Amino acid sequence: MEIIVIGDDTCDDSHRIFLYHYRRKVKNREGVILNVKTILLIIFIVVLVIIGGLRLVSIFSEKISFYAYGRENGFRLSEIGIVWKTIKKLEILDPLSLYESIPTLNRVIAMVLSEKRREGGTAAGGQVLISKLNRLRTKVALEGDENSRIQSTAALESGQRLSVIFPGRGVYASVVLNNGRRIEIELPKKILKVGSSTKSEILPPNQWKGKTVTVYMWRKGDACYAFDTTVDDSGSFEGKPCIMLNHTSKLDRIQKRQAVRCDCKIDASLFFIKSTEIDYGKVDLDEDGIACSLADISESGALICIVGKEKGNKRIKIQFYLSNILIMMFGIVHSVEYSKEKNESRLHFECTYIDDDMRNTLLNYIYSKLALGDPVEELKVAAKKKEEAVDANILGEIASATELAEKTDAVRQSGLLDPQV
């Protein structure tokens, strides 16, 4: 029982000291109890916050990953939000498939275009989003090429065509005859022009032996490769003279194509560009150009078929229509294949400028055409078609790669590459 002291005269000093310490002890005990309760309450709140946070992360982890991948691929948050809503409307079960699936991208782009048209046309912001989705679509398509790459020359197959650089003598054409302990290739030859005719230059096998050579090749269904090796020996294979190359695992792989192309048959008009300044918005009359047709096309170029004999290294513009929408592509003709029998030239055209709206229309045409077959396999086939043969312009295209520019520049300028390789 606590004794209440009313006045100083009811207790002495010892009682007052005792009561003072007793009261202080009681207050301290109450303070400790209060502090323990406060700490427990704080711990409880922290645990609830952590559990709630983990639950939110679990619920929104897919969306968080979707936004993260979107930012990595150059989309703004507002653009990712539009794409996310589109995916939900399409009821796509795996939203992340957008970043690795051509069919998913096709569906999303088609929906975005449809909604923009319902809004009264494709606004500038919409075209930017579609352009980014198309770039992602091309990236996904070309990244599939990595699955077919080779790590060593041991993977070369018989029949593989080669361009072999003999130090100081130029570029020679050859083909793989057999691949075992060494690579046995046909004795290389070089085509030389003598007036209006041609002749083959073939060096004796003993001149190749011991030489370090650089080999270029376009591997079917893959990409272009370059490697250095030494000529180990010479001999014959099935009666054909050959030289034998040592194997190497040091291969430089160059993906020549940066765009997906498809076969087509499109009537177009061709215009030669003569002025130094180009009006990219000018629409020419079709009858003022040269009638031609496009055999295949991509956003980066086309294969143009035209009557008569034409020359390369010319600036041109091609003009055509896709579903009544005008497309204009400006660029340069890098090389020409002429058929004397057909009196037809096939122009390898590189596009250096195309309006963004026109590019999106063209890409939608390409991917819609590819989607008529298997959306994955058809894409891979189309991306590689027209690249199986290594023609006169291959070394020039390889030389455009930074890492091989020094090695190939002299050869490219010499014009000695065999046009049959």
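These legends walk through several close-up views of a predicted model.

**View 1**

**View 1. The largest cavity and the residues around it.**
Now let us look inside. Searching the whole structure turns up two cavities of 30 Å³ or more, and the largest cavity holds about 40 Å³ of space. Its lining is formed by Phe66, Gly70, Phe75, Glu79, Ile80, Val83, Leu98 and Tyr99. Two elements, H1 and helix H2 (77–89), each give two or more residues to this lining. H2 provides the largest share, with three residues. Sorted by class, the lining of the largest cavity has six nonpolar residues, one polar residue and one charged residue.

**View 2. Glu238 in the loop between strands S7 and S8.**
Here is a backbone detail to look for. Glu238 sits in the loop that links strand S7 (224–237) and strand S8 (240–245). Its phi is positive, at about 50 degrees, although Glu238 is not a glycine. Is Glu238 buried or exposed? Glu238 has a relative accessible area of 71% and is therefore exposed, as the cut-off for that label is over 50%.

**View 3. Asn313 in the loop between strands S12 and S13.**
Another loop comes into view here. Strand S12 (301–307) and strand S13 (314–322) lie on either side of the loop that contains Asn313. What is the phi of Asn313 near? The value is near 60 degrees, which is positive in a residue other than glycine. Asn313 has a relative accessible area of 62%, so this residue is exposed.

For the last view, pick out two residues. Gln207 is part of helix H5, residues 205–208. Gln207 is partly exposed because its relative accessibility is 33%, a value in between the limits of 20% for buried and 50% for exposed.

Technical notes. Residues numbered from 1 in each chain as written. Predicted model: local features only at pLDDT ≥ 70, side-chain atom pairs only at ≥ 80, totals over all residues. Heavy atoms only, no water. Helix = DSSP H or I, 4+ residues; strand = E, 2+ residues; numbered from the N terminus. Buried < 20%, exposed > 50% of the residue type's maximum accessible area, 1.4 Å probe, protein only. 1 Å grid on protein atoms, 1.4 Å probe; cavity = no way out; pocket = protein on both sides within 12 Å on 5 of 7 lines; lining within 4 Å. Points joined across faces, edges and corners; volume = space filled by probe spheres on them. Nonpolar A, V, L, I, M, F, W, Y, C, P; charged D, E, K, R; others polar.
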